[in-house]
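Please look over the sequence and the structure shown below. A short briefing follows, grouped by topic.

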Amino acid sequence: MIELEGITKVYKTGSQSLEALRGISLKIGKGEFVSIMGPSGSGKSTLMNIVGCLDTPTAGEYLLDGGKVAGLTFDELAAVRNRKIGFVFQNFNLLPYATAWENIELPMLFDGKNGKKRRARVTELLNAVGLFEWRDHRPTELSGGQQQRIALARALANDPPILLADEPTGNLDSKSGEEIMAILSDLWRGGRTIVMVTHNDHIAACSERTIRLFDGQVLP
Amino acid sequence: MNATLPRFFWSEYRKRRKKAALITFALFWGTLSILLLMAFGQGMSTQFHVAFSGLGETLIMVYGGQTSLPFEGLPKGRQISLYPEDIDYLKDRIPEILRIAPESYNYLPVSAGGKEINRNIHGTTADFGLMRTQVPQLGGRFLNAEDTATGRKVAFIGWKVAVDLFGGADAVGKTIVIDRVPFLVVGVLVKKVQDSMYNGPDADQIYLPFHTYQQIDNRRRLNQIHIQPREASQSKLIEARVKTLLGRKYRFDPDDRYATSFWNTIEDAKEGMAIFKGIEIFLGIIGALTLLIGAVGVTNLMYAMAKERTKEIGIKLAIGARRRTIVGQFFLETVFVFAKGTFWGFITAFNIVHLVRLAPINYDSFGIEAYLLRPVFSLRIFVAYVIVLGTLCFLSGIFPALRASRANPIESLRYE
């Protein structure tokens, strides 16, 4: 499902260049729950951003469902982010002016789904994350755990087969973190492919497999 | 873009409208200031022009004088006077003359309805009315050729004379008595702005057919002759030919500057036009600078507001928004904010201009208010303003969105 071959990412600032990823090769199969671990600066988030089509590699090849991502246009990549991959960020990245309902609804609006389908799906997701009562609240009116649950619901709006979570519990208290992990585990059991970045061994233990990064490389 | 996205954009805009209100107000204020500045400037320039033409356009007035040079054995210091027969004499010999009219006047008592006043009474012909913008009020007329030919006892009076003698009542058809001779009022002058005059404004004058006038003032000599050339460019040529012909007739040197004198409004108008042009250029510069200051302020605000939404663009791109969706939203918002601010600025300026124009002008003592209270609203300036500021606003409002939507979403997501 996800195949990376020799992925390199170099950041250039003026005359300086920083190699964040150095020839990463890995495969993640359909329905796997993989965690990515490594110290700060090891390239975990960079790798997730490339897998999530939020960033492009400097070199190497990324195949998603057997197709080359490098060959996709800007709008085709947008469609991948919209339908194939759901992304959960450490800092939630919810739209501050939009309500919980609207934040979850937005990916479906971008996908052109009709109002009836959207309403049914948003209701289903709000119930699934236990926040239906909070649907008209803005992110600033919600706790961190609630915000992350809304972000998770948004990532699932178009029912994507892949869910990427970049330190989804990093900004949460332990109880909220556990709630999020319980939802992720349920989603995996439901057949979804999950890739999660974490610092926490306890959290990583929920996954089937752990990929460890160090200095932009996969540790054997 | 499906039909529901604009609705979502609208709801997003409404949530941010407090921030957008600052830009809307800046646009409103900018539009109002520029339109009012230009309207009052244009109005002032127009009123200058109107006041200048109050006396009459393309007009040459010829006066007699006193010789200052000896000529063909005749001494200097001789009095040169103009006479009624000079009208035909000049008209027959100068084909460039379109109209010519004599004018004599005297300060005489006038009475009507028990009131008596003293006013300047003029004797002239129908052409005088055309040359000297003697426009009658509705229901009246100026003197015509038949009045002069048959020596009718009719009078055309200034609007102030009508007020002085008849109060607010219609003077046409009423009788006035000038130096014990009754005259029928056939017309009253409209209120007009006039900044050039001799013997006071036309509002205070009374005009009689030339031959009729001669019956109450037995002096034969004229006070002046009015000439209108066929082409304004012929005015200096006509002046020279009048000097030559009168010099020949009354035996004075055509180069004698004091034997006759001229008031050439065409030459004055050239100076006046230079002043009007100067005012217009000055206002244009002020307008352009004001527009520039407004544009800098508004585009800065617009750019800052769009820029601070970079992260929002990143989030939307991350969850699958297409480029055209992002750019489309910013485009619609920019157009809406610009249209809203500009519309209210336009409406307010338009109404202020029309309200100010309702203010009465005191034609009695033609003062500063006559120049200030007649602003002219210019749609041309508004259109130019919309094009210039609209383009700048559009570019500054949409540029950050264009740039963000061309980069990888992660770059916008990292923006703080």
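Which residue stands opposite Glu3(A) in β4(A)? The residue is Leu63(A).

This is a predicted model, in which local features need pLDDT of at least 70, side-chain atom pairs count only at pLDDT 80 or more, and totals for chains, interfaces and linings use all residues. Residues are numbered from 1 along each chain as its sequence is written, while chains are lettered from A and ligands numbered from 1 in the order in which they are written.

**Sheets of chain A**

- β2-β1-β4-β5 is the order of four strands that form an open sheet in chain A, with antiparallel pairing; strands are DSSP runs (E, at least two residues), helices are DSSP runs too (H or I, at least four), and both are numbered from the N terminus.
- The edges of this sheet are β2 (16–28) and β5 (67–68) of chain A, each with a single partner strand, so one side of each has no neighbour in the sheet.
- Strand β1 (residues 2–13) of chain A pairs with strand β4 (residues 59–64) of chain A over five bridges in the antiparallel sense; two strands pair if DSSP finds at least two bridges between them.
- Another open sheet in chain A has six strands in the order β6-β7-β8-β3-β9-β10, and its pairing is mixed.
- Its edge strands, β6 (85–88) and β10 (217–218) of chain A, each pair on one side only.
- Within it, strand β3 (residues 33–37) and strand β9 (residues 209–214) of chain A run parallel and are joined by four bridges.
- Opposite Met37(A) stands Arg212(A) in β9(A).

**Helices of chain A**

- Helix α5 (residues 144–155) of chain A lies across β6 and β7 (162–166) of chain A, and runs at about 170° to β6(A).
- Axes are lines fitted to C-alpha atoms, for helices over the stretch in contact, and angles run from 0 to 180 degrees between N-to-C directions.
- α5(A) packs with helix α6 (residues 174–189) of chain A at an angle of about 15°, and their axes are 9 Å apart.
- α5(A) is therefore roughly parallel to α6(A), a term for angles under 35 degrees.
- Gly144(A), Gly145(A), Gln148(A), Arg149(A) and Leu152(A) of α5(A) meet Ser176(A), Glu179(A), Ile180(A) and Ile183(A) of α6(A); residues are in contact if their C-beta atoms, placed from the backbone, lie within 7 Å.
- By class, this contact of α5(A) with α6(A) has three nonpolar, four polar and two charged residues.
- Ala, Val, Leu, Ile, Met, Phe, Trp, Tyr, Cys and Pro count as nonpolar, Asp, Glu, Lys and Arg as charged, and the others, Gly among them, as polar.

**Contact between chains A and B**

- 23 residues from chain A and 21 residues from chain B take part in the contact.
- α2 (74–84) and α3 (100–111) of chain A each supply at least two residues of the side of chain A that touches chain B.
- The largest share of that side, six residues, comes from α2(A).
- That side of chain A has 12 nonpolar, six polar and five charged residues.

**Chain B**

- Chain B is divided into domain 1 (4–54 + 270–413) and domain 2 (105–221), with bounds from an automatic or database domain assignment.
- The centres of domain 1 and domain 2 of chain B, taken over C-alpha atoms, are separated by 52 Å.
- Nine residues from domain 1 and eight residues from domain 2 of chain B form their contact.
- Strand β6 (residues 154–157) and strand β8 (residues 181–188) of chain B pair over four bridges in the parallel sense.
- Phe156(B) has Gly187(B) in β8(B) opposite.

Terms used. Two residues are in contact if their C-beta atoms, placed from the backbone, lie within 7 Å. Angles under 35 degrees count as roughly parallel, over 145 as roughly antiparallel, 65 to 115 as roughly perpendicular and the rest as oblique.
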